[in-house]
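Thanks for coming. I will go through one model this morning, and the sequence and structure are on the screen now.

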Amino acid sequence: MSTSDQDQEQEHEQAREQDAEQGENDGAIPGPAAQERRLTPRQARRLRIVLSSAGMAAMAVVLALRIASRSSVLVVGVYGLALILCGVVIELSRNGRTRLGSWLLAAGLVAAVGADWLLIP
């Protein structure tokens with residue numbers, strides 16, 4: 001490693017430490033650095049869990065409304081699978097698989113809405 005590589009590595013480490021300190025302070029980052037701020041893995045997991053929980057609550061409400069209007073095994077199947085999917089995504093997020101959980105949640109909810117639109121009369 002050359003001296004300039006070592007200097008760059010030290011600068012990166014200092015920048016990481018400063019980012020960690022700023023994250024602990026929860027202060028606003030001024031200027032263009034605010035646009036580059038990303039979620040930490042813990043924040044991403046919490047966000048997925050909150051979104052999955054909201055999706056689960058929404059699916060439960062829609063399921064109750066659909067069953068009240070017409071009782072069908074297909075309705076229970078589609079929305080029941082969507083509820084199970086939300087629970088699986090919550091578990092994936094708790095175990096650190098946030099990207100997989102995000103893709104699964106998006107694809108599953110689109111599939112549930114599509115199945116509702118196409119399959120259920």
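Helices here are DSSP runs of H or I with at least four residues, strands are runs of E with at least two, and both are numbered from the N terminus. As a reminder, an α-helix has 3.6 residues a turn, so residues three or four places apart point the same way.

Before going on, the ground rules. This is a predicted model, in which local features need pLDDT of at least 70 and side-chain atom pairs count only at pLDDT 80 or more, while totals for chains, interfaces and linings use all residues. Residues are numbered from 1 along each chain as its sequence is written, and side-chain values use heavy atoms, with hydrogens and water left out.

Back to the pair. Glu91 and Arg94 form a salt bridge, with the closest N and O atoms 2.7 Å apart. By salt bridge I mean a side-chain nitrogen of Lys or Arg within 4 Å of a carboxyl oxygen of Asp or Glu. How many salt bridges does a search of the whole structure find? The count is 1.

On accessibility, buried means under 20% relative accessible area, exposed means over 50%, and partly exposed is in between, with a 1.4 Å probe and protein chains only. Glu91 has 37% relative accessibility, so Glu91 counts as partly exposed. Arg94, at 55%, counts as exposed. Contact means heavy atoms within 4.5 Å.

Now the chain as a whole. The protein chain has 4 helices and 0 strands, and its elements run α-α-α-α from the N terminus on. Of its 121 residues, 21% count as buried. The chain exposes about 9000 Å², of which carbon and sulfur atoms supply 59%; these areas come from the Shrake-Rupley method with a 1.4 Å probe, and for residues only the protein chains shown count as cover. Among contacts between residues at least 6 apart in sequence, 54% join residues at least 24 apart.

The buried residues of helix 3 include Val75, Val78, Tyr79, Ala82 and Ser93. Seen down the axis, the buried residues of helix 3 fall within an arc of 165 degrees, so they line one face of the helix. The arc is that of the directions from the helix axis to the C-beta atoms. The face turned away from that buried side carries the exposed residues Val73, Leu81, Ile84 and Arg94. Helix 2 and helix 4 are among what covers the buried residues. After helix 3 comes Gly96, with a positive phi near 90 degrees.

Helix 4, residues 98-119, has Thr98, Gly101, Leu105, Gly108, Ala112, Ala115 and Asp116 buried. These residues cover an arc of only 115 degrees around the axis, which puts them on the same side of helix 4. Arg99, Trp103, Val110, Trp117 and Leu118 are exposed on the other side. The buried residues of helix 4 pack against helix 2 (41-69) and helix 3.

Helix 2 has buried residues too, among them Arg48, Met59, Leu63 and Arg66. Helix 3 and helix 4 are part of what covers the buried residues of helix 2.

Last, the largest nonpolar core. Its 9 residues are Met59, Leu63, Val75, Val78, Tyr79, Ala82, Ala112, Ala115 and Ile120. Helix 2, helix 3 and helix 4 each give two or more residues to this core, and helix 3 gives the most, with 4 residues. A nonpolar core is a set of buried Ala, Val, Leu, Ile, Met, Phe, Trp, Tyr and Cys residues joined through side-chain atoms within 4.5 Å.

Val75 counts as buried, at 0% relative accessibility. Leaving out residues up to four places away in sequence, Val75 touches Leu63, Arg66, Ile67, Arg70, Gly80 and Ile120. With that exclusion, Ile120 touches Arg66, Arg70, Leu74, Val75, Val78 and Ala115.
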